[in-house]
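This briefing concerns pairs of charged side chains in a protein chain. Please look at the sequence and the structure shown here before reading on.

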Amino acid sequence: MSEKSKLTIRLDKVIGIINPNIYGHFAEHLGRCIYPGIWVGENSKIPNLEGLRKDVVEALKAINPPVVRWPGGCFADSYHWRDGVGPVDQRPRRPNIWWGGEDSNEFGTDEFIKFCRSICAEPYICLNVGSGSPREALSWLEYCNYAGNSSLARLRAENGHPEPYKVKYWGVGNENWGCGGSFDPVYYAWEYRRFATYLKRADPSIQLIACGHISRDWNLKFMEAMRNHIYLLDHLSIHYYFRSPSFGDDIKFTDEEYLNLLFDVQNLKYQIQQAINIVDFFSEKRKNIGIVVDEWGTWHPQATVESGLYQQNTLRDAILAAVVLNLFNRYSSKIVMANIAQTVNVLQSLCLTKGKKTILTPTYYIYDLYKSHMGNYALEVETQSPIIMEAHSPTSSSPRFTGRKLEPLQALDASASLSKDGKRLTITLVNQSLDEDLETKIILSGDKEVKEGELVILNAHDVRDHNDFDAPNNVTPREEPIKMKRKILNYVVPKHSVNRFNLTLK
């Protein structure tokens with residue numbers, strides 16, 4: 001057991017407010033995410049709420065999901081919204097050109113909004129730029145948000161929804177450098193300006209998210225082409241998948257592959273910082289352009305088009321999710337939204353379904369633990385702990401890291417936040433070590449002391465442990481009592497664990 005670890009919480013040093021949307025989600029017409037992960041139809045034998053899968057709705061509502069992105073993904077730039085409204089039996093069946101099979105269009109705009117309302121989340125709609133037009137985008141916005149007596153507002157009322165939906169977040173295309181049309185960044189900027197000009201005029205209250213990239217060249221050229229039209233840009237998105245042969249399989253991976261995966265978070269941090277640097281340079285403080293990481297998560301080799309991007313979800317995935325959310329918290333002054341991919345049955349999902357059964361993954365429990373951070377003030381933290389992977393690891397030879405200064409991987413990773421009334425402190429502390437419990441001194445730096453608190457731990461015997469339909473509770477959180485003396489807590493952080501402290505201050 002190591003005695004060299006320390007975590008210092010700077011109560012008097014605020015980074016920014018943690019936008020609840022950092023804990024957002026993403027649902028695409030892909031594999032079994034929508035059908036039957038979210039939508040089973042009113043006539044299904046699976047218990048449902050007007051067609052929405054009841055157990056999934058209840059599970060998601062319990063973790064306070066702030067926002068859900070839909071309908072894609074690659075699917076978005078081939079989706080035409082008019083196919084998904086009106087009587088279900090009259091909706092056209094279309095081939096899913098990106099993910100195979102066909103889409104019945106049973107789950108369309110009205111069903112998506114109903115889903116968001118059922119789980120108390122804001123809708124985030126991704127518009128079709130690749131094969132669509134500004135006119136189609138304007139029509140979709142009118143259908144969702146217009147309160148007058150236009151033909152599309154009347155159509156929405158005829159479909160059972162007289163009140164406008166007031167959808168706030170709109171993505172102007174998805175991955176338009178690839179499946180969204182293979183644009184170059186300058187041409188995409190022309191298209192973005194064209195779409196945004198009309199959308200902002202039709203509804204000035206909306207927020208638009210532009211398609212960025214983890215290519216510095218794309219973001220640089222796009223922002224240069226937007227230099228004189230910054231007023232049309234609210235946020236820039238980037239996508240990041242943890243996908244490499246050096247990470248192993250979803251369940252079968254070596255200890256080295258476990259560490260390689262966690263080491264790669266350093267590259268995500270680099271990509272976030274690069275995006276921030278570029279938008280800040282071109283906005284010249286005229287406008288605070290936010291960064292949106294609206295697709296992120298693990299993508300293991302088992303997740304193929306043929307499998308519907310289905311993969312199992314282990315404690316390792318949960319530890320990664322915790323470390324990434326800690327990173328987002330620490331960048332809360334610029335990151336305004338993030339959406340893990342995806343909600344049900346696809347990639348790093350929160351829920352897995354099989355027939356009438358639904359199980360919760362270890363990643364689901366991370367979102368349950370971390371929801372205490374939402375809306376709080378993010379605080380500076382300092383960690384001191386053993387090095388578990390040196391910077392010259394094999395992963396560092398990957399092109400993702402070429403020419404970069406790398407840092408060794410510490411065992412401990414943390415973030416902390418303070419409620420707006422200053423009475424509740426949330427600390428999320430991860431021990432990434434595979435084999436060492438860490439005796440850690442947690443110190444509060446500031447003029448407040450702890451009155452009482454609670455601790456919840458997510459852990460298992462092995463990082464490969466997971467929940468399946470025969471054993472759905474292999475990896476679940478447990479509560480532990482804590483004793484904190486004024487401003488110092490001595491705590492042994494279990495190996496490969498995620499720990500959430502909720503402390504009441506005085």
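**Salt bridges in the predicted model**

Glutamate 50 and lysine 114 form a salt bridge, with their closest N and O atoms 3.9 Å apart. A salt bridge is a side-chain nitrogen of Lys or Arg within 4 Å of a carboxyl oxygen of Asp or Glu. This is a predicted model, in which local features need pLDDT of at least 70 and side-chain atom pairs count only at pLDDT 80 or more, whereas totals for chains, interfaces and linings use all residues. Residues are numbered from 1 along each chain as its sequence is written, and side-chain values use heavy atoms, with hydrogens and water left out.

- Lysine 114 is partly exposed, at a relative accessible area of 23%.
- Buried means under 20% relative accessible area, exposed over 50%, and partly exposed in between (1.4 Å probe, protein chains only).

**Two further pairs**

- Arginine 53 forms a salt bridge with aspartate 55, their closest N and O atoms being 2.9 Å apart.
- Arginine 53 is buried, with a relative accessible area of 0%, while aspartate 55 is partly exposed, with 25%.
- Glutamate 102 is joined to arginine 93 by a salt bridge whose closest N and O atoms are 2.6 Å apart, and both residues are exposed.

- The structure holds 19 salt bridges.
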